[in-house]
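Please keep the sequence and the model in view while reading the points.

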Amino acid sequence: MQVLVCTLAILSAVAAHNDPHYVPGHDGMVHLFEWKWLDIAAECENFLGPMGFGGVQVSPVQENVVIGHRPWWERYQPISYIWHTRSGTPQEFKEMVRRCNDAGVRIYVDVVFNHMSGDHNDAMGTGGSKANTYNFSYPSVPYTRSDFHTPCAITNYQDAVNVRNCELSGLHDLDQGIEHVREKIVNFLNGLIDVGVAGIRVDAAKHMWPRDLKVIYSRLKNLNPQHDFAVGAQPYIFQEVIDYGGEAISKHEYNGIGAVTEFRYGMELSNALHGNNLLKWFVNWGEAWNLLPSKDALVFIDNHDTQRGNSNILTYKSSKLYKMAVAFMLAHPYGNPRIMSSFDFTDFNANPPQDSKGNILSPIINPDNTCGNGWICEHRWRQIYNMVNFRNAANQTSISNWWDNGQNQIAFCRGKAGYIAINGDKFDLKQTLFTCLQPGTYCDVISGNLENNSCTGKIVTVNENGMAYIEILTTEEDGVLAIHKEARLR
């Protein structure tokens, strides 16, 4: 009996790392890529909280090496665990976490502890730290050569030892099996938990041994109840494991210790909306497609890597198809969705918007709620933030009454709370369909908003039998129509 109790306790502790701890009435995460801390705080208060977003993934908080022309990827070359980056100071980070929690928006930090930096002459960090990278010397941690794996290049993704013990793109690979390394990582992560973060995104988890990660996670503190987390709540952990199949390392090695980024999600949806598969097949979307269990999956269409390095993945640059993919993601109950919020770029290495001295510029918020100053801010597109409202309205409901035309026109209910239709075909969708909703007049939240008890976009009338005429023309700006119980005229 004692053994059984201990086993159940371990399983419970592991499962707890899959809960993002969203505030009731909030759901979904947005990645405010390369934003400054105080700009994020203001965004939580002015937009994300009122719009019902659940949380924000922020860029790495730890000090990184300064690289000429300041490419985005310098943030993924740590030089210490000091909280000083181009996004702000430790004090500004703490203020952001507090203000976002007060606004009902949780913070998840992108953490980098698979490696330190690559080799750089006279390496200097964003907080002023120095390192002798050629000698594996990082005195601000401190780390020395004995804390790293023997240098070697990753050359064979069919060899798990090569992938986990060698250097990813020349970045010096830490040995998480060493107690000194574990101690430094755990202290860094627990410091974040102390100030009120809700969880972490573990960069390059695929390149670390699950047994080492399990030890590190087991030593993390519970979330800080002073920020309205339940007593005993454990941090949400979502691990970056790129797994499209066919390699030695599988995502299924990691979902027993935390959530995992489900890369096939965006790939399959992008593939379908590009016309290489039929949307009708998504009737059984989820585990039947060899995706992770829903509770273990952090899902997304694109992220900061794939939008640059994978031309098959939909991004803001194909806005109509991209909004269709995001709408499907937010309407479908599978997984924990993350929305990408980008800055404009034309080449892989492009830096975030910055001034002549390399300081990151703040987004400008336009009168129509969109962004300027080089920022895309997909999360501020009406078609996306209104689908966050849809997701909240339909929370705790399942899919029912799936309809398709045998090709690329689909529709489904979310219980009796919401209804969505998507036209991925090259001809118009004009159908009278069962919506599962109560009779009444509804605003389509894709083409407009419900304002002052009137619709600024399409109006959908649901009759006494729950039927409604649904029309999505190929000439329209968007290929989606969505209605829900909170967008009903009173």
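1. The structure discussed here is a predicted model. The values quoted in the following points should be read with that in mind.

2. Disulfides as a set. When the bonded cysteines are counted along the chain, the pattern of pairing is 1-2, 3-4, 5-6, 7-8, 9-10. Three of these links, Cys44 with Cys100, Cys152 with Cys166 and Cys371 with Cys377, are described in turn.

3. Cys44 and Cys100. The sulfur atoms of Cys44 and Cys100 lie 2.1 Å apart in a disulfide. The link between Cys44 and Cys100 is right-handed, with 90 degrees about the S-S bond. Because Cys44 belongs to helix α2 (residues 37-51) and Cys100 to helix α3 (residues 90-102), the pair ties together parts that are 56 residues apart in sequence. Are the two cysteines buried or exposed? Cys44 counts as buried, at 0% relative accessibility, and Cys100 is likewise buried, with a relative accessible area of 0%.

4. Cys152 and Cys166. In this disulfide the sulfur atoms of Cys152 and Cys166 are 1.9 Å apart. The link of Cys152 and Cys166 is left-handed, with -95 degrees about the S-S bond. The pair connects distant parts of the chain, 14 residues apart: Cys152 sits in the loop between β5 (130-131) and α4 (160-165), and Cys166 in the loop between α4 and α5 (179-194). As to accessibility, Cys152 is partly exposed, with a relative accessible area of 27%, whereas Cys166 counts as buried at 6% relative accessibility.

5. Cys371 and Cys377. The sulfur atoms of Cys371 and Cys377 are 2.1 Å apart and form a disulfide. Which hand does the disulfide of Cys371 and Cys377 have? The torsion about the S-S bond is about -90 degrees, so this disulfide is left-handed. Cys371 is buried, with a relative accessible area of 11%, and Cys377 is also buried, with a value of 0%.

6. The structure holds 21 salt bridges. One of them joins the side chains of Glu95 and Arg99, at 2.9 Å from N to O. Glu95 and Arg99 are 4 residues apart in helix α3, which means that about one helical turn separates them. Glu95 is partly exposed, with a relative accessible area of 28%, while Arg99 is buried, with a relative accessible area of 17%.

7. Glu179 and Arg219. A salt bridge joins the side chains of Glu179 and Arg219, at 2.8 Å from N to O. Why does this pair tie together parts that are 40 residues apart in sequence? The reason is location: Glu179 lies in helix α5, and Arg219 in the loop between α6 (210-218) and β7 (236-239). Glu179 counts as partly exposed at 40% relative accessibility, and Arg219 counts as partly exposed at 36%.

8. Lys458 and Glu476. Lys458 forms a salt bridge with Glu476, in which the closest N and O atoms are 2.7 Å apart. The pair links distant parts of the chain, 18 residues apart, with Lys458 in the loop between β19 (454-455) and β20 and Glu476 in the loop between β21 (467-472) and β22 (480-484). Lys458 is partly exposed, with a relative accessible area of 23%. Elsewhere, salt bridges that share partners join Asp110, Arg201, Asp203 and Glu240 into one network.

9. Strands β17 and β20. Strand β20 (residues 459-462) has two faces: Val460 and Val462 make up the covered face, and Ile459 and Thr461 the uncovered one. How many bridges join strand β17 to β20? There are 4 bridges between β17 (residues 440-443) and β20, and the two strands run antiparallel. Within this pairing, Gly440 stands opposite Val462 in β20, and Val462 belongs to the covered face of that strand.

Key. Residues numbered from 1 in each chain as written. Predicted model: local features only at pLDDT ≥ 70, side-chain atom pairs only at ≥ 80, totals over all residues. Heavy atoms only, no water. Buried < 20%, exposed > 50% of the residue type's maximum accessible area, 1.4 Å probe, protein only. Pairing = 2+ DSSP bridges. Disulfide = S-S within 2.5 Å. Salt bridge = Lys/Arg side-chain N within 4 Å of Asp/Glu carboxyl O.
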